[in-house]
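Please keep the structure open while reading.

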Amino acid sequence: MPHRIVSLAAHSGTGKTTLAEALLHRSGVISRMGRVEDGTTRSDHTDAEKAHGFSIQTGVLRLTHEGTDVTVLDTPGFADFVREIRGGIRAADSVLVLVSAVGGVEVGTERAWATADRFGMPRVVVVNRMDRDRADFFTVLADVRASLKGPVAAAFLPVGEGPDFRGVVNVLTGEVSPPQELPPTLTGALREARDALLDAIVETDDDLMGRYLEGEPIGDDELEAAYLRAVHAGTLYPVLPVSAVSGVGLDALLHLMVRGLRSARERGPLTGVDGQTREPTLDAPLSARVWRVSIDPFVGKVAYIRVWSGTLRPGDTLRNTSQDLDVRPMHLYVPNGKDLTEVPELPAGSIGVLTKLPDLHAGDTLADPARPITYDPLWLPEPVHTVAIHPATRQDEDKLGAALAKLREEDPTLHYAREPQTGEQLLSGMGDMHLGIAVEKLAAQGVTVTTTPPRIPYRETIHAPAEAQGKHKKQSGGHGQYGDCKIRIEPGPGFAFRSAVVGGAIPSKYIPSIEKGVQDAMQRGALAGYPMQDVHVTVLDGSYHDVDSSDIAFRTAGSLALKNAVTGARPGLLEPIMQLRVRAPASFTGDLISDLQTRRARVQGMDPEGTVITVTALVPQAELQTYSADLRSLTGDRGAFSIKPHGYQPVPEHLAKKIIEARQGELAGA
């Protein structure tokens with residue numbers, strides 16, 4: 001039986017999961033539609049998804065329509081779950097990109113579109129929620145054309161909008177579904193849409209283009225066939241209106257999915273990192289990719305795979321070429337919602353599940369050991385939001401490492417590290433929502449933690465040259481301790497140390513000890529105990545004692561000299577600066593800039609593109625602690641951002657005074 005693997009991708013709140021539920025209902029898989037609000041959908045079946053009312057992981061659903069099996073991958077809408085989004089799109093063969101009939105193209109729409117572009121995916125633009133008040137198909141269509149790259153054309157037009165949305169009309173044939181009289185007000189729009197669609201179709205076929213330009217008539221059947229070929233090849237992206245709630249437009253969508261979108265075995269050759277290729281056929285050497293991993297408390301590790309070529313059977317030995325080891329799955333399953341059904345084989349084009357194989361990780365390639373191949377790993381962005389985590393008890397502390405390892409196995413976009421300067425345990429992810437879900441998952445494993453904004457890793461520096469002496473002299477019976485040095489410090493990039501001692505005032509063997517003492521003092525700072533940076537040190541002079549001098553004595557002297565010199569070198573506080581890139585609808589430009597100004601940001605540029613703008617700015621890290629939630633509130637969850645370290649810069653004097661006082665209070669109470 002023919003098979004399609006189709007990913008649903010969109011900005012959050014466009015109704016993907018409701019659409020998936022509606023497709024299951026229309027195709028007869030379920031007799032009654034579940035509701036996201038009630039936690040009764042087949043896709044959002046985990047406790048966390050039911051509690052929060054949105055998708056956290058990619059749901060795998062199966063249906064049959066017009067004699068074709070369809071696997072639907074319902075990806076999350078929130079950018080926080082980018083690994084699930086990209087994994088779900090890459091495992092598919094085509095993408096339905098949903099757009100709200102009220103909100104139009106949003107940042108999440110562009111993100112899904114860019115991912116589909118990266119993987120060369122054919123796609124259909126589904127304008128959902130046509131039954132809502134203020135739904136406007138033609139405005140959204142113009143928005144799609146302006147904002148999304150590629151040959152976009154309306155394939156269906158709505159009959160009515162908002163609560164009056166009652167049907168769709170096929171632009172090529174003029175047929176209305178469900179059957180009804182075409183409103184006279186649509187006549188002109190239908191003519192314009194047909195001309196635009198005809199132009200888009202003939203541009204994908206040189207023979208048709210020549211005949212079209214010469215004025216030769218093209219039959220409807222021939223035009224329909226060319227249209228479906230173009231959709232199949234990804235050279236034309238059709239747009240159609242639907243309402244997942246009322247069901248209007250679903251028949252047209254299902255028909256297009258099974259007739260226009262390519263099958264799982266109709267892709268071109270698949271190329272590995274070494275240039276080898278595999279045809280996506282049953283008789284080709286086996287190859288598969290792990291596109292997501294989950295940890296089940298009863299089953300253990302569950303690996304979701306896409307079989308790209310060949311046929312996998314229980315007991316086959318597979319080479320995990322990404323990890324350079326062999327695995328042997330004894331049971332094979334196909335997923336459908338929360339259910340797993342055991343099957344005797346997984347042929348090319350299948351989405352399957354392997355269990356009880358601890359050495360599988362998301363992105364791994366599995367292949368025939370005799371014909372190994374490795375596919376590109378899935379590229380993932382760096383985290384943008386960080387919290388400090390604090391185990392509630394000693395038992396929680398003991399279990400934290402293993403629990404975090406399980407979380408990171410499921411989601412590699414979670415990062416965990418201990419900050420050496422502050423000593424805090426830091427958990428980083430794609431947003432506050434992402435980390436909130438991670439903390440809930442820790443609790444589900446019996447590990448209770450609280451979170452706080454991480455301490456800012458401030459630094460100290462100097463702004464003027466200064467000289468000072470450090471003398472360590474101690475006599476306590478027997479050999480004493482004696483070290484004496486004079487140093488000059490001055491501002492400069494990085495750390496530099498040199499000796500200008502002449503005449504043997506300090507034996508050369510003690511110079512390295514002085515440097516160690518200087519670095520000791522720099523690690524503790526002079527203003528507030530923060531590490532120092534950008535200091536150049538020169539040893540000028542000193543003295544020693546034949547008996548009492550030692551490495552430890554000169555190390556202590558070097559430390560004292562640095563502390564004494566800093567007081568006269570105009571010490572100052574530095575803060576980490578991040579480069580921030582924010583993408584949001586252009587209508588929010590003023591709000592974004594105003595908000596950034598309150599964060600002491602320096603705007604570097606504004607890059608408009610269609611209806612979206614990208615703002616680049618340098619912002620102190622201390623001002624971005626809550627940016628994930630603040631941006632969601634500011635833009636109605638229509639913005640996205642990324643950050644990366646840019647360097648350090650001086651803290652304004654009025655703020656530095658407060659920071660230093662607070663830090664000194666901490667140190668005094670420690």
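Which element gives the largest share of the lining of the largest pocket? That share, six residues, comes from α11. The model is a predicted one, in which local features need pLDDT of at least 70 and side-chain atom pairs count only at pLDDT 80 or more, while totals for chains, interfaces and linings use all residues. Residues are numbered from 1 along each chain as its sequence is written, and side-chain values use heavy atoms, with hydrogens and water left out.

**Largest pocket**

- The volume of the largest pocket is about 1,200 Å³, where a pocket is an open set of points on a 1 Å grid over the protein atoms alone, with protein on both sides within 12 Å along at least five of seven lines, and a volume is the space filled by probe spheres set on the points, which are joined across faces, edges and corners.
- The largest pocket is lined by 40 residues, of which Thr46, Gln57, Ile295, Pro297 and Glu410 are the closest to its centre; a lining residue has an atom within 4 Å of a point.
- Two or more lining residues of the largest pocket come from each of α2 (47-52), β2 (59-65), α3 (82-90), β13 (287-296), β14 (300-309), α10 (394-410) and α11 (432-444), the elements being DSSP runs numbered from the N terminus, with helices (H or I) of at least four residues and strands (E) of at least two.
- By class, this lining has 18 nonpolar, nine polar and 13 charged residues, with Ala, Val, Leu, Ile, Met, Phe, Trp, Tyr, Cys and Pro counted as nonpolar, Asp, Glu, Lys and Arg as charged, and the others, Gly among them, as polar.

**Second largest pocket**

- The second largest pocket holds about 940 Å³ of space, and of the 38 residues that line it, Arg86, Val107, Arg111, Arg583 and Ala640 are the closest to its centre.
- Its lining takes two or more residues from each of α3, α4 (107-118), β32 (571-585), α15 (627-635) and β35 (640-650), and α4 gives the most, with eight residues.
- The classes in the lining of the second largest pocket are 15 nonpolar, ten polar and 13 charged residues.

**Cavity**

- There is one cavity of 30 Å³ or more, a cavity being a set of points where a 1.4 Å probe fits but cannot get out.
- Ala9, Ala10, Thr75, Pro76, Gly77, Ile85, Gly108, Arg111 and Ala112 line the largest cavity, to whose lining α4 gives the most, with three residues.

**Helix α5**

- In helix α5 (residues 137-147), the buried residues (under 20% relative accessible area, with a 1.4 Å probe and protein chains only) are Phe137, Val140, Leu141, Asp143, Val144 and Ser147.
- These residues lie on the same side of α5 because they cover an arc of only 160° around the axis, the arc being that of the directions from the helix axis to the C-beta atoms.
- The buried residues of α5 pack against β4 (94-100), α4, β5 (123-128), β6 (152-154), β7 (156-159) and β10 (237-241).
- At the start of α5, the backbone nitrogen of phenylalanine 138 has a side-chain oxygen of aspartate 136 within 3.4 Å.

**Two buried loop residues**

- Serine 549, in the loop between β31 (535-543) and α13 (551-566), counts as buried because its relative accessibility is 8%.
- Not counting residues up to four places away in sequence, serine 549 touches Tyr482, Tyr510, Tyr544 and Phe554, contact meaning heavy atoms within 4.5 Å.
- A polar atom of the side chain of serine 549 lies 2.9 Å from the backbone oxygen of tyrosine 482.
- Threonine 413, in the loop between α10 and β24 (415-418), is buried, with a relative accessible area of 2%.
- The side chains of threonine 413 and aspartate 411 make a polar contact (2.4 Å), a term for a pair of N or O atoms within 3.5 Å in which, within protein, one must be able to donate a hydrogen and the other to accept it, and for which residues adjacent in sequence count only if both atoms are side-chain atoms.

**Backbone geometry**

- The peptide bond from serine 177 to proline 178 is cis, with omega near -5°, and proline 178 is in the loop between β9 (176-177) and α6 (187-202).
- Arginine 134, in the loop between β5 and α5, has a positive phi of about 70° although it is not a glycine, and is exposed (over 50%), with a relative accessible area of 69%.
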